[in-house]
Amino acid sequence: MKYLISGGGTGGHIYPALSIVSEIKAKDKSADILYVGTEYGLESELVPRENIDFKTIRVKGMPRKINKELFKSIKELLFGINDARKILNEFKPDIVIGTGGYVCGPIVYMAKKKNIKAVIHEQNAFPGITNKILSRYVDKVLVTFEESKDYFKYEDRVVVTGNPIRKELLEINKELAYESLKIEKDIPLVLSFGGSGGQKSLNDAMYEVIKKRNLEEDTQTIHVTGKRHYDEFINRLKKDNIRLNERISVLPYLYQMPEAINIASLVITSAGAITLSELSAVGVASILIPKAYTAENHQEYNARSFEEKGASLVILEKDLDGESLDMAIDKLINDRKKMKSMAEKSLELSKTHAGEEIASIIIDLIDGETNYK
C-alpha cells in the first residue's frame, strides 16, 4: 500500500511523523512511503536521513494581520495546492497522513478533493489552526490529549491515541544509565532542559539555582542550556568565579537524554508535546515552564493538562525567577511522598503504544482502491 505523510516546521510535527512511518513499516512490510515537506523546513534535513522518499511543495505560514506578507502567503498557498495536486496524481497514495504545520494543509486538503482517505494527528492540548481547519475534511482526527477533543467540530471522528515516542526510551538499562552519566543512585537527580533549542528564561532561573546549590550536596543536577545559549551561561559562571562541584553538570546538548529522563527524580522543562509524552512514558515528576511565545500558547494548555491531573507543577515564564524555581525544587525534593505521587500520576497519562495504535487505524482505513478524481 502507498502512504503519503506530511508535517513540518518543528520537531514537534516531524518526529511523530517519523515514528508513525516506523510503525507503518513494521505492520506493512511492502509499504511504499512518501514524505512531503518544504524545501527549507527542518523536515528537509531530518527526513532524508531516515532513507524516506521526500518531495517538497511551496507554502508558507499565514500572518495574522492583513499586510504585504499575507498576499505573498496566499500566492504561495496557491502554488502549494498545485504542487500537492501534481504529487498526488503521480504517487497515487492509498491514504494521506498530516501531523501538523502549515505544510500539510495543501496536501491533506487536495487528498480529500480527490476522494483519498486522510487522517491528521494533533500533538497538543490546544490544536493548531491548520489541523482545526483540516479536521472538517479528514476521515479521522487522532489526538494526544483528551482535552483537545472539545476543539474539533466532528467529535465522532476524533480518537485519543497519545503521541508516538522513541522506542529506545522504554528500553533503557537504568544501572548502565547511572554509570554512564556518573550519577549516584541514592541522591536525587534534577534534570533541566528547555526543549531541543533551549529556553532563555529557564537558563536564567537555573543559573541562580545552580549558583545557590553549588554549595549544597543534597541533589545532583544536569542542566542542558541548548547550544546557542551555552557560551553565555558558561561565561556568566566564569564572571562570577563559580566553579561547579562534581554533582552539577552544565551541557550544551545531551545525547543521552533518554537515559537521563529514565533516572531523573525531577525534570524541569518546557511543555512541548513530545517531551510530555516521554515524561509520562517513564513516569517522572516535573516542573513545567511553558514557552509563552508558542503558537496559540499551546504549551500552557499542555502543561495545565498535566498539572490538573497531579503530574506536574507549572510556573509561567512571567512568574519565573531563580528564587521561585529554587523554592519549587526544594518543596518537591523534600517531599518524597508528593514526588512519588506525581510520578505515578504522570505514568497514568502515558500511552506507550500510541504509534502502534495510530498505524493500525491508518491501515484499517485503507479498504480497497482509491477513487481518484
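A: Let's begin with a term: two strands pair if DSSP finds at least two bridges between them. Strands (E, at least two residues) and helices (H or I, at least four) are DSSP runs, numbered from the N terminus. Keep in mind that this is a predicted model, where local features need pLDDT of at least 70, side-chain atom pairs count only at pLDDT 80 or more, and totals for chains, interfaces and linings use all residues. Residues are numbered from 1 along each chain as its sequence is written, and side-chain values use heavy atoms, with hydrogens and water left out.

Now find strand 1 (residues 2–6), which pairs with strand 4 (residues 95–98) in the parallel sense over four bridges. Look across from Leu 4 and you'll see Val 96 in strand 4. Zoom out to an open sheet of seven strands, paired in parallel in the order 3-2-1-4-5-6-7. Its edges are strand 3 (53–56) and strand 7 (158–160), each pairing on one side only. From one strand to the next, the twist averages 25°. Helix 1 (residues 11–27) lies across strands 1, 2 (32–37) and 4, at about 170° to strand 2. For angles, axes are lines fitted to C-alpha atoms, for helices over the stretch in contact (heavy atoms within 4.5 Å); the angles run from 0 to 180 degrees between N-to-C directions.

His 223 stands opposite Val 250 in strand 10. On strand 10 (residues 248–251), Ile 248 and Val 250 form the covered face, while Ser 249 and Leu 251 form the uncovered one.

Next, helix 11 (residues 298–308): its buried residues (under 20% relative accessible area; exposed is over 50%, partly exposed in between, with a 1.4 Å probe and protein chains only) are His 298, Gln 299, Asn 302, Ala 303, Ser 305 and Phe 306. They sit on the same side of helix 11 because they cover an arc of only 155° around the axis, taken from the directions from the helix axis to the C-beta atoms. They pack against helix 10 (273–282), strand 12 (285–288), strand 13 (312–314) and helix 13 (336–348). Just after helix 11, Gly 310 takes a positive phi of about 80°.
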